[in-house]
Amino acid sequence: MSTPNVTLYPGILPAKGQANDSFDTNVDDFLNWLTLTNGPQLNVFINYLNSGIVPILPLADVTITSGSISNTSISMSEAITAPNGTTPTFRMGTPTTFRTAGSGTYTVPVGAVALRVRMCGGGGGGGGASSVTTTARASAGGTSGTDVDFLITTLASSYPYAVGAGGIGSTGAIDGSNGGGTTFGTATAPNGIGGANSGTSTATEVIYNTSAGPISATVPDYTVIFGVPRQLGSTGLKFTASSRIAGSGGDSQFGPGGYATGSSNSATAAAGNNAAGNGAGGGGCLSSTTTTQTGGNGTPGILIITPLY
């Protein structure tokens, strides 16, 4: 069946400022068009739309074999089989979200046929900065946690989970602490890595982040939809004995890392900025010639579980 047309009104619409006779004529013509032309065309178009809507089948008659999910809908083309050969529509249930560090057991709701799970590890803390009488220093920001989104179509009755903590910013010539990994069932979203410390050198230097470590999520038993690897925090830069910039923390999909800060005054010290949201890295810090400083904190990971019916 071809798509039916709905035509635009071809006449002159009644409007303010028209002469009375013209206005009355335009009203009559428009009402006649709505009744004789537009109404029947709309009915045909509505019937056309209704003919393409597939009814929802009983859950017991549907088997999910594969598929992909976006933020608001499930793509089921060639992914679901049913006895009558149709492709049914499914409903997303209410998500359960864990935004603070901790662990527990998630019980699958009655009637759910699949789970969509999105999770991110905790962000790393910013590195610390040490002090020496001749040189002010800067440190690097922590990385974000790894982010992964996956689908479980063969359900257990429950799943253990853990949400990783955010890493703590360090003080002095110590790297920021790592965040904690987030897990659900057999899947793991790796933690963020702490930012590199300022070191103790008096020379001009670039404070690179320490190794980012493994960045891939581990999802051995489920169907991965997409993943976002760790985002590195930026480096700390020391241009002269007084001019320096602390690195920002790595952003996650759930919040920004602690922002960078800088100064050209060797007497100025500034703590690192904390990350916001979830899964982001803490910012680096600035020491002065007399004061050590502490990097910003990373934020906890996140776990979002959406049942599909």
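Colleague: Which side chain meets that of Asp-147 in a salt bridge?

Modeller: The side chain of Arg-118, at 2.7 Å from N to O. A salt bridge here is a side-chain nitrogen of Lys or Arg within 4 Å of a carboxyl oxygen of Asp or Glu. Asp-147 is in strand 8 and Arg-118 in strand 7, 29 residues apart; strands are DSSP runs of E, at least two residues, numbered from the N terminus.

Colleague: How many salt bridges does a search of the whole structure find?

Modeller: Two. Asp-149 also forms one with Arg-116, with the closest N and O atoms 2.5 Å apart. Asp-149 belongs to strand 8 (residues 147–152) and Arg-116 to strand 7 (residues 114–120), so this pair ties together parts 33 residues apart in sequence.

Colleague: Are Asp-149 and Arg-116 buried or exposed?

Modeller: Both are buried, meaning under 20% relative accessible area with a 1.4 Å probe, protein chains only. Asp-147 and Arg-118 are buried as well.

Colleague: Turning to the sheet, what is its strand order?

Modeller: The order is 5-17-7-8-13, an open sheet of five strands with antiparallel pairing; two strands pair if DSSP finds at least two bridges between them. Strands 5 (96–98) and 13 (223–228) are the edges. Five bridges join strand 8 to strand 13, and Phe-226 is the bridge partner of Asp-149.

Colleague: What is the mean pLDDT of the protein chain?

Modeller: It is 81, and 80% of residues reach 70 or more; pLDDT is the predictor's confidence in each residue, from 0 to 100. Over residues 53–83 pLDDT stays under 50. This is a predicted model: local features need pLDDT of at least 70, side-chain atom pairs count only at 80 or more, and totals for chains, interfaces and linings use all residues. Residues are numbered from 1 along each chain as its sequence is written, and side-chain values use heavy atoms, leaving out hydrogens and water.

Note on methods:
Contact = heavy atoms within 4.5 Å. Helix = DSSP H or I, 4+ residues; strand = E, 2+ residues; numbered from the N terminus. Buried < 20%, exposed > 50% of the residue type's maximum accessible area, 1.4 Å probe, protein only.
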